[in-house]
Amino acid sequence: MRGEVSFRSKSLSDYQLKMMFIMPTIILLIVMNIFPLLWSLVLSFSDYSAINSQAPDFIGTKNYIRIFSQKATWSYFVTTAYFVVLAVAAQFIIGFGLALLLNREFQGKGLITTLMLIPMMLSPVVVGLFWRFILDSSWGLFNYLLSLGPAVLHKITAALHFPSGIVSWFKDAASNARGIIWLTRPKAALFSLVIIDTWMWSPFMMLLSLAGLSAIPKYLYEAAEIDRASTWFKFRHITFPLVAPLLLIALLFRTMDAFKLFDLVYIATAGGPGSATETVSMNLYRRAFQDYNTGESCALAYILLIFIIALSNIYIKYLNKAKGNA
Amino acid sequence: MASVRLENISKKFDDVVAVDKINLTIKDGEFFSLLGPSGCGKTTILRMIAGFYHPTFGNIYFNDRDVSALPPNKRNTGMVFQSYALFPHMTVSENVAFGLRVRKINASERKQRVSDALKLVDLSGYEDRKVTQLSGGQQQRVALARAVVIEPSILLLDEPLSNLDAKLRRDTRDQIQRLQRELKITTVYVTHDQEEALTLSDRIALLRKGVCQQIGTPDEIYNHPSNAFVASFIGRSNLLEGKVLENEGIMLIKVEDDLKLNVSSQKKLEPDQNVTLAIRPETIMLHKNQESRLNTFEGVVELRQFNGYTVEYNIDVQGHKINVISLNEETQLYNTKDKVYAEFPVNRISIIPQTI
Ligand SMILES: Nc1ncnc2c1ncn2[C@@H]1O[C@H](COP(=O)(O)OP(=O)(O)OP(=O)(O)O)[C@@H](O)[C@H]1O
Ligand SMILES: [Mg+2]
């Protein structure tokens, strides 16, 4: 005790000690976050290419004007929006559904929950790579599984001498399923990305929903039962309003993340075929590291940032409303 | 309104026997308390009446209708949970209206009944408050309003006052009593607080380890405890072990050779039977002199505690520690080490046969 006191009085005041602990973080933040953020803001108003030795040349809002006047830019935003809406909606439905199923006591609950969480622990690069194999149209597992149902039904209907129309319909369905081309056709490719992202991130939705669900005390349901509430009524008026704040947080995380989707696209489709899966982030990458148009890509990055902030604010507004209710 | 009959009810959780062969009938409109120490099975019985548990053995009847197999939502009970179980995301009136909304009662009638119920528990004007912004006592009353607004035929209350401080507890207790008298609703009240049970109840069932010890009015249970557990759980009792010497009109019980007590009792006990005597501290009278009173023995004051309007003494009578509570009358204060004479009134001693 005495040693500590004398050590402090000799060398460091409370304030200095505080600073000593905080400084490393502050310096790291400034170097890694704040400076790049501000520097890229400067660059977004400059004509600059990272591979030229020329200094940035201030050109005002020209970068922004160019980006906004390109028709393609809008199509990247539309592609991204499609992806965000489909993927986040699917993840929400699947994740929340799984959470509802898992929110009860049964044998092996812990093991099943852990297994379900594996997808989100994997690296997106790994996920992208093996889904490329799974979705392969000639020998991928996905098409095989899809065709399994119709194939079995085909066998059964054939064996039971169903009308030949039905039998051949199943046969066609099976062979059609086997031949679906996923990653190299425009519409299917975007849809594939949705499938992969959903596979990867539904567990996250499930985890947060489960946390919310298990925090609802059981006696609330008992009180509702005494009042003769039906299962649906209980879900609608107790479960849903009470987990809503947590669901909104999960949705916010997923939306922000999905809006920035890059890694999966880069690995699975590289934005193709054509520009069917070119998300804003993918396009940003292209401008920055393929065209080396650094100034322009900084401008696009800022546009994306503003979009995401605006979107988050909408969520946060709803979140505050939901929280105010709870 | 309804009567409730439990017929040979038992409940086992795996190996634990929570409730053991309970038989009791709760009359229509009666305020009935289940009293006992923690873990004695009170909540389990209440939850069986509500329908959350099904008895392992035995049947439950409401008005002679067997409801043993019915789920909670078919029993028309109202319940106040120990934790209140208010819906945190709803306002006071939404909470109270919940059961009415489930029953699809139209908005105007709903509003009327909610406001009536809130008036009943003195919460008019709080309709639009969030329940999370209420005090414990107010939340408790909202829970009460929610339980009665659906006009249940049986009201179930599980330790509704246990989260309140002493003063609030007394106020709310009075309110529950008034409400029950007003609505004349059959009420089952769970508590571990004997004072609560004694003041509120028409009748009490005293439980211990899932077994019913005694059923009776507060007065019966207090003045005529059926065993040593009841005698010491309800209020305080001096328990003395003795043996019946004779039983002719008035019983003579020998505790020590020089401590023989006369007891008036209707119990048919044979000489030589071992008994326990339960004597309430407030029934014992202290005197300065013997003056040849009946049942009066010499003792020494060991401890005096002044409690305001009562004074509590511990008296050593032939090695038996006797607890005495007297009213505070200045002329009769005794000091420690004083010699006193303790009188045990003949008709205020309870006899509990020892069954071994
Ligand atoms: N769901 C359950 N599973 C297993 N044992 C239980 C369960 N509920 C109660 N018990 C056991 O049954 C016995 C009676 O419990 P109960 O909750 O009825 O007691 P109680 O009289 O209400 O006590 P308290 O005053 O503490 O609320 C206890 O020993 C308890 O451990
Ligand atoms: Mg209990």
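Does B:Asn295 count as buried or exposed, and at what relative accessibility? B:Asn295 counts as buried, at 4% relative accessibility. The structure here is a predicted model.

**Confidence**
- The predictor gives the complex an ipTM of 0.77 and a pTM of 0.77.
- Chain B has a mean pLDDT of 89. In this chain, 99% of residues reach 70 or more.
- Within chain B, confidence is highest in strand 3 (residues 31–35), at a mean of 95.
- Confidence is lowest in strand 12 (residues 250–256) of chain B, where the mean is 83.
- Where pLDDT is low, predicted coordinates should not be read in detail.

**Around ligand 1**
- The shell around ligand 1 includes B:Phe13, B:Ala18, B:Tyr53 and B:Glu159. Also among its residues are B:Ser38, B:Gly39, B:Cys40 and B:Gly41.
- By type, the shell divides into four nonpolar, five polar and two charged residues.
- An oxygen atom of ligand 1 lies 2.7 Å from a polar backbone atom of B:Gly39.
- B:Glu159 uses its side chain: an N or O atom there is 3.1 Å from an oxygen atom of ligand 1.
- The side chain of B:Tyr53 has an N or O atom 3.5 Å from a nitrogen atom of ligand 1.
- Taken alone, ligand 1 exposes 630 Å². The protein buries 63% of that.

**An open sheet in chain B**
- Four strands of chain B form an open sheet, in the order 2-1-4-5. The pairing is antiparallel.
- Strand 2 (16–26) and strand 5 (65–66) of chain B are the edge strands. Each pairs on one side only.
- Strand 1 (residues 4–13) of chain B pairs with strand 2 of chain B over seven bridges, in the antiparallel sense.
- B:Val4 stands opposite B:Ile26 in strand 2 of chain B.
- In general, strands of a sheet pair through backbone hydrogen bonds.

**Two residues with positive phi**
- B:Glu291 is not a glycine, yet has a positive phi of about 50°.
- B:Glu291 lies in the loop between strand 15 (285–287) and strand 16 (296–306) of chain B.
- B:Asn295 is found in the loop between strand 15 and strand 16 of chain B. Phi of B:Asn295 is positive, near 55°, and this residue is not a glycine either.
- B:Glu291 is exposed, with a relative accessible area of 53%, whereas B:Asn295 counts as buried at 4%.

Notes: Residues numbered from 1 in each chain as written. Chains lettered and ligands numbered in written order. Predicted model: local features only at pLDDT ≥ 70, side-chain atom pairs only at ≥ 80, totals over all residues. Heavy atoms only, no water. Near = heavy atom within 4 Å. Polar contact = N/O pair within 3.5 Å; in protein donor to acceptor, adjacent residues only side chain to side chain. Areas by Shrake-Rupley, 256 points an atom, 1.4 Å probe, with all protein chains shown as cover. Nonpolar A, V, L, I, M, F, W, Y, C, P; charged D, E, K, R; others polar. pLDDT = per-residue confidence, 0-100. Pairing = 2+ DSSP bridges. Buried < 20%, exposed > 50% of the residue type's maximum accessible area, 1.4 Å probe, protein only.
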